[in-house]
Amino acid sequence: MANLNVNGQVRQIDAAPDTPLLWVLREHLKLTGTKYGCGVAACGACTVHLDGEPIRACITPLSQAEGKRVTTIEGLPGGENNRLVQAWIAEQAPQCGYCQSGQIMQAAGLLAKTPKPTREQIVEHMDGNLCRCGSYAQIVAAVERAAGGR
Ligand code: FES
Ligand code: FES
């Protein structure tokens, strides 16, 4: 049994220590906003925060998350009023939507450290998050809007 702090709540998880955090979130806690894309840290669909840092939940074992703060898209401050979510809607970034919670969590990690990123910094930081629908231009625009640059 592991204790996991998820979105500010301590949850007890009955799973092996090497269970991927992504399975724990989706299957044990039913937090399905975090998506499974590739399973090998190559797409970013599963991005959540561990102590405020964006990480890939598909390759992070439960044991590595114990004792740290896990934040998923469901725990983003302000919920639907979060400035990134609002910017995402304004710029119409989601197409099918599948990659977008990972994209937003990745972007939130950038703005937490760099509130006014340059376009180059945004592109570089978001580089590992793939979008099959190709909404990259809208995603960059949304991050710029959230940072107050648009
Ligand atoms: S599902 Fe984790 S990076 Fe693709
Ligand atoms: S919006 Fe469809 S994969 Fe990104």
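Predicted model: local features only at pLDDT ≥ 70, side-chain atom pairs only at ≥ 80, totals over all residues.
**Entry 1: strand S3 and its partners**

I started with strand S3 (residues 47-50) and strand S5 (residues 69-71), which pair in the antiparallel sense over two bridges.

I looked up the partners residue by residue. His 49 has Thr 71 as its bridge partner in S5, and Leu 50 stands opposite Val 70 in that strand. Then I turned to S4. S3 and S4 run antiparallel and are joined by four bridges. His 49 turns up here too, with Pro 54 as its bridge partner in S4.

The hairpin of S3 and S4 has two residues between the strands, and Asp 51 there takes a positive phi near 50°.

Which way do the S3 side chains point? I found Thr 47 and His 49 pointing one way and Val 48 and Leu 50 the other way, and all of them are buried.

**Entry 2: the whole sheet**

Next I wanted the strand order. Five strands make an open sheet, and I wrote the order down as S2-S1-S5-S3-S4, with mixed pairing. At the edges I have strand S2 (9-13) and strand S4 (53-56), each pairing on one side only. Ignoring direction, neighbouring strands are turned by 40° against each other on average.

**Entry 3: helices on the sheet**

I checked what lies on the sheet. Helix H1 (residues 21-28) lies across S1 (2-6), S2, S3, S4 and S5, and runs at about 80° to S1. H4 packs on the sheet as well, touching S3, S4 and S5. I noted about 35° between the direction of H4 and that of S3.

**Entry 4: H4 against H6**

Two packed helices are described by the angle between their axes and the distance between the axes, so I looked up both. Helix H4 (residues 100-113) and helix H6 (residues 136-146) pack at about 40°, and their axes are 11 Å apart. That makes H4 and H6 oblique to each other. The crossing of H4 past H6 is right-handed.

Which residues make the contact? From H4 I listed Gln 100, Gln 103, Ala 107, Leu 110 and Leu 111, and from H6 Ile 139, Val 143 and Ala 146. I sorted the residues of this contact into six nonpolar, two polar and no charged.

**Entry 5: H6 itself**

**Entry 6: Thr 34**

Last stop was a loop residue. Thr 34 is in the loop between H1 and S3. Is Thr 34 buried or exposed? Its relative accessible area is 2%, and the cut-off for buried is under 20%, so I put Thr 34 down as buried.

I then listed what Thr 34 touches, leaving aside its neighbours within four places in sequence. Leu 22, Leu 25 and Arg 26 are among them, as are Ala 45, Cys 46, Thr 47 and Val 48. Thr 72, Ile 73, Glu 74 and Ser 101 are also in contact with Thr 34. I checked one C-alpha distance as well: Thr 34 and Gly 102 are 68 residues apart along the chain, yet their C-alpha atoms are separated by 6.8 Å.

Notes
Residues numbered from 1 in each chain as written. Chains lettered and ligands numbered in written order. Heavy atoms only, no water. Axes fitted to C-alpha atoms, helices over the stretch in contact; angles between N-to-C directions. Parallel < 35°, antiparallel > 145°, perpendicular 65-115°, else oblique. Left-handed = near helix turned anticlockwise from the far one by under 90°. Contact = heavy atoms within 4.5 Å. Nonpolar A, V, L, I, M, F, W, Y, C, P; charged D, E, K, R; others polar. Pairing = 2+ DSSP bridges. Buried < 20%, exposed > 50% of the residue type's maximum accessible area, 1.4 Å probe, protein only.
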